[in-house]
Amino acid sequence: MRLSRYFLPVLKETPSEAQIVSHRLMLRAGMIKQASAGIYSWLPLGYKVLKNIEAIVHEEQQRAGHIPMLMPTLQSADLWRESGRYDAYGPEMLRITDRHGRDMLYGPTNEEMITDIFKGAVGSYKDLPLTLYHIQWKFRDEIRPRFGVMRGREFLMKDGYNFDLTKEDALHAYNRHLVSYLRTYERMGLQAIPMRADSGPIGGDDTHEFLVLAETGESEVFYDAEITDLKFGDREIDYDDKAQCAAVLDEFTSRYARTDETHDEAEFAKVPEDRRRTARGIEVGQIFYFGTKYSDALGALVDDGKGGRVPVHMGSHGIGVSRLLGAIIEASHDDKGIIWPEGVTPFHCGIVNLRQGDSDCDAACESLYARLTALGLEPLYDDREERAGGKFATMDLIGLPWRITVGPRGLKNGVVELTSRRTGESEEMSAEAAVARIASIYGKG
C-alpha cells in the first residue's frame, strides 16, 4: 500500500474525550471514529489490526480442535426466558420489539442459542466431545461507555461453547481452552495472566480471567511475581492429552493470582512478601465451566450409552477481540505512538522516501516495495510530498515495527537505513540485506 492512496486520517491534536493511552492513540492514528457513545467505525488501519487479531484467534481455536460457525447478533427473548436470564440480566441487555410484537434482544452472549442449536442436532454421547465457537459483534449497554474500545457498548468477541458427557471431560475442555488462550495471547506479544475470577451472570464455579497488566486496567489484581516469569513459548502440545493439558493449567494457575472480586488476604499472605504484587489489569478473556446449568434449563440431553438420557456438561470461553487491540496498545507504546508486535502489525514495515521525486530514491523505494511484496509481505510506502520529519512522525505514531529509510546520501554509499520501532536503533545496510532481514523476522526468508 502507498500512503498517498491510503485512507489514514491522522490527528495532530489529541481529542479531549480520550482519557487513556489506547483511546488517544487509536483516534490520533486514524484507526477508529466514534459513531455514538461507545460505538465506533473501524477505519482501514484499525480494521487491518482487528482482522489480524481475529485470524490468530481462529488459528489457535482450530488448532485446539474447536469448530467455527456464526450465530446472529439478534436473538429471540423466548430462549432467554427458558434459561431464566431474560429478566435477570439487567439493563446492559438491549431489548427490542420487532414489528410483529415479538421480544428480541441484541445478544450480549450466546449460551442459550448455542444450547438450542446443539439439542436440535445432537442426541448421543457418540457425538461428543464437541466445541463450537464464533466471532461475532456483541452489545452491552454500558451505563458509562468510556476508554474507547476498552469499554464500548458494541464489541467484537470470540465466544466458544463445549459440550461433554461428563464433568471430567468438560474440565478437560476447560484446560484445553486455557492452553489455547496462552498461545493466542503470546502470539500477539502479550502476557495475559490467568487469574481466579468471579463468574458473574454467566454462572458456574470454575472460571479464570486472563488479564494484561496495565496502569489503566479496570480491575485491581493480586499475584505472585513468579507468574510473570512463565512463558508458554512454541512448545508443542497434544490437545487430546488430558494429563498434558492439566499440567499446563497447573503450571500457570498454581501460584496466587486473583482479581479483586475473589482476592483472599489470608491466602495472599502465604506468598513470600518479596513476591507479592498489586497492580491493575485489563481483562482480555475468560473461561467458564458451569456444568449442566443451561442443558438442564433448555433440555439439552444425550443418550449416555447405558440406556439413560443425561444433560450435557458445558462451559463457555470468551476472548475480547476488539478489546485486545486496545490492550496491546496499553501494553506497547511510548510517547511517540503505538509499537505494534510483529504478530498483529497492520503492515510488516514502512518505507520512507526522504526525497520524493528524486529518480534514484524513487527507483530504490519502488524496488524495495516490489521485492517485499513478492515475498508475501505488506509494506506501507510513504510516497507523499511531505517533509522527512512529518513522515517519521506518522510512522512512529502508527507504530509499524520496522522502517526502511531511503535517502540520496545513503544511496550514494549503497545503503538504506533499517530502524526498529521498539528499540529506536538504526542500522545501515544494503537494500538486499534490509529485505532479507525483514523477510527473516516474519518467517518469509
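In the predicted model, Asp234 is placed in the loop that runs between strand β11 (219–224) and helix α6 (242–253). The relative accessibility of Asp234 is 70%, and because the threshold for an exposed residue is over 50%, Asp234 counts as exposed. Asp234 was also compared in position with Ile441: the two residues are separated by 207 residues in sequence, and their C-alpha atoms are 16 Å apart in space.

Asn110 has a relative accessibility of 1%; since burial is assigned under 20%, Asn110 counts as buried. Its side chain forms a polar contact with the side chain of Lys138, at 2.6 Å. When neighbours within four places in sequence are left aside, the residues in contact with Asn110 are Met71, Pro72, Gln75, His134, Lys138, Asp159 and Tyr161.

Ser295 belongs to a helix, α8, which spans residues 293–298. The relative accessible area of Ser295 is 0%, so the residue is buried. A polar atom of the Ser295 side chain lies 2.6 Å from the backbone oxygen of Val312. With residues up to four places away in sequence not counted, Ser295 touches Thr115, Ala300, Pro311, Val312 and Met314. Val312 is therefore one of the residues touched by Ser295, and the backbone oxygen of Val312 is the atom placed 2.6 Å from the serine side chain, whose residue is buried.

Helix packing was examined for α10 (residues 359–374) and α13 (residues 431–441), whose axes come within 10 Å and cross at roughly 30°. Because angles under 35 degrees count as roughly parallel, α10 and α13 are assigned as roughly parallel to each other. The crossing of α10 past α13 is right-handed. On the α10 side, the contact is made by Leu368, Arg371 and Leu372, and on the α13 side by Ala431, Glu432, Val435 and Ile438. By residue class, the contact between α10 and α13 comprises five nonpolar residues, two charged residues and no polar ones.

Definitions and conventions:
Residues are numbered from 1 along each chain as its sequence is written. This is a predicted model: local features need pLDDT of at least 70, side-chain atom pairs count only at pLDDT 80 or more; totals for chains, interfaces and linings use all residues. Side-chain values use heavy atoms; hydrogens and water are left out. Helices (H or I, at least four residues) and strands (E, at least two) are DSSP runs, numbered from the N terminus. Buried means under 20% relative accessible area, exposed over 50%, partly exposed in between (1.4 Å probe, protein chains only). A polar contact is a pair of N or O atoms within 3.5 Å; within protein, one must be able to donate a hydrogen and the other to accept it, and residues adjacent in sequence count only if both atoms are side-chain atoms. Contact means heavy atoms within 4.5 Å. Axes are lines fitted to C-alpha atoms, for helices over the stretch in contact, and angles run from 0 to 180 degrees between N-to-C directions. Angles under 35 degrees count as roughly parallel, over 145 as roughly antiparallel, 65 to 115 as roughly perpendicular and the rest as oblique. A crossing is left-handed if the near helix is turned anticlockwise from the far one by less than a right angle, and right-handed if clockwise. Ala, Val, Leu, Ile, Met, Phe, Trp, Tyr, Cys and Pro count as nonpolar, Asp, Glu, Lys and Arg as charged, and the others, Gly among them, as polar.
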